[in-house]
Amino acid sequence: MIFSEAGQKIFELDRVGAFIWCKLGEGASLGDVYRGLAAQGIDEHAARQFTRQAVDVWIDRALLEVDWRMPTDCVFSAHLGRHRISVRAANRDLLRRLLSPFCVSDQSAGGDGDIAIEAMMLDEQVFLRAEDSSISRCEVEALAPTIKAHVTERLIRSDRWVFSLHAASLVKDGMGLLLCGHPGAGKSTLTLQLVDAGFRYAGDDVALVGTDGTICGVPFAITLKEGSWDLLSRLHGDRYDATHCRSDGVRVRYVPIPDAQNESFSTGWIIFLNRVASGPAELTAIDRLDSMKRLVENAFSSDGRLSQTGFFALKRMVAGAQSLQLTYCEAGEARRLLRELCNGRA
């Protein structure tokens, strides 16, 4: 039996669980545990599975403590959405993976950030600890997408913004261009095209809205799914061929944009993407009320409600911008139309 003083509970262990617990208590490595279980007639795969399940449950129930001592030279920080992100890793390989979804980072900076994450390996899993001491885990291949998802959630729940939008954002001649659309609408692919066409990158997934109606993008590296890898190869060769796996099984690659826009900007154009199977690309004007309704459908706030302040911020944003629907099949045609629009020729 195990007694948890913190939880004031008693847990019963079976023979295998008791063996794993006692070996860990003696200071044995996980490899020693596997070999010990093998000596009792349990094959290596089952031994690893039993041990991983037991350790996961014990850590979740605060029965085991993880040693979070980190080297001082495996740390970096980044600034996103007016927050300082601080990330520490247990080794260089983890640090390299953690850097993947960030455009710009300072590997010489230490100290704590508003959003802090630590990562370490335990057997074949990565354990992650946030600034509130909560612990989560993922596979190594899913580390970069997991970190990006965690930081994004923290940013959109921040009270520094009145609400956030599921939209890509770019800047042209000082004015912002928002690309709004559901997953699969082609926001990231079109964003890569527009960056190649001279637009300044500000984010490909989330846009944060301030009380004055200005936008602050979240410039993570552009995230491209498998269908866009041919375009990526044509534009950048094989420089960004490292593949990561999201929790939903989708494989992605990251394209960091060094001069990304990290400051707030006013919106000049709000584009709602309508991707179709065939046909020419065309822009259709949308009235402001329809634009606001569509934006509200894709908005998120920290308390799940659009406040009066948020409504007036939305009104200011839409009032100062052109709202249009872009119906398109090919990203190249959509790129041409948006360039003409932002250059005043559409």
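A residue counts as buried when its relative accessible area is under 20%, as exposed when it is over 50%, and as partly exposed in between (1.4 Å probe, protein chains only). By that rule, buried residues make up 48% of the 346 residues in this chain. The model is a predicted one: local features need pLDDT of at least 70, side-chain atom pairs count only at pLDDT 80 or more, and totals for chains, interfaces and linings use all residues. Residues are numbered from 1 along each chain as its sequence is written, and side-chain values use heavy atoms, with hydrogens and water left out.

Start with the whole chain. Its C-alpha trace spans about 75 × 45 × 40 Å along the principal axes. The chain holds 10 helices and 19 strands. Both are DSSP runs, numbered from the N terminus: helices are H or I with at least four residues, strands are E with at least two. The accessible surface comes to about 17,100 Å², and 48% of it belongs to carbon and sulfur atoms. Such areas come from the Shrake-Rupley method with a 1.4 Å probe; for residues, only the protein chains shown count as cover.

Next, look at contacts. A contact means heavy atoms within 4.5 Å. Of the contacts with a separation of 6 or more, 67% are between residues 24 or more positions apart.

Charges come next. Lys and Arg count as positive, Asp and Glu as negative; His and the chain ends are not counted. Each charge is placed at NZ of Lys, CZ of Arg, CG of Asp or CD of Glu. The chain has 40 positive and 45 negative charges, and their mean positions are 5 Å apart.

Now find strand β4, residues 83–89. Five of its seven residues are buried, so the strand is mostly covered. Strands of a sheet pair through backbone hydrogen bonds, either parallel or antiparallel. Two strands are said to pair here if DSSP finds at least two bridges between them. Strand β3 (residues 75–80) runs antiparallel to β4, and six bridges join them. Phe76 has Val87 in β4 as its bridge partner. β3 and β4 form a hairpin with two residues between them. In that turn, Gly81 has a positive phi of about 55 degrees. β4 also pairs with β5 (residues 115–122), this time in the parallel sense, over five bridges. Here Arg88 has Glu118 in β5 as its bridge partner.

Ser105 lies in the loop between α4 (92–99) and β5. Is Ser105 buried or partly exposed? It is partly exposed, with a relative accessible area of 29%. Leaving aside residues up to four places away in sequence, Ser105 touches Phe76, Ser77 and Leu99. Ser105 and Gly237 are 132 residues apart in sequence, and their C-alpha atoms are 23 Å apart in space.

Move on to an open sheet of three strands. The order is β13-β15-β14, and the pairing is antiparallel. β13 (222–225) and β14 (244–245) stand at the edges with a single partner strand each, so one side of each has no neighbour in the sheet. β14 pairs with β15 (residues 251–255) over two bridges. Cys245 stands opposite Arg251 in β15.

That cysteine leads to the next topic. A disulfide is a covalent bond between the sulfur atoms of two cysteines. The cut-off used here is a pair of cysteine sulfur atoms within 2.5 Å. How many disulfides does a search of the whole structure find? It finds zero. Cys138 is in no disulfide, and the nearest cysteine sulfur, that of Cys245, is 11 Å away. Cys138 counts as buried, at 9% relative accessibility. Cys342 is also buried, with a relative accessible area of 8%.

Finish with some loops. Gln8 lies between β1 (2–4) and β2 (9–11). Its phi is near 55 degrees, a positive value in a residue other than glycine. Gln8 is exposed, with a relative accessible area of 56%. Ser133, in the loop between β6 (125–130) and β7 (135–139), has a positive phi near 75 degrees. Ser133 is partly exposed, at 49%. Asp159 lies in the loop between α5 (143–156) and β8 (163–172). Asp159 is exposed, at 70%.
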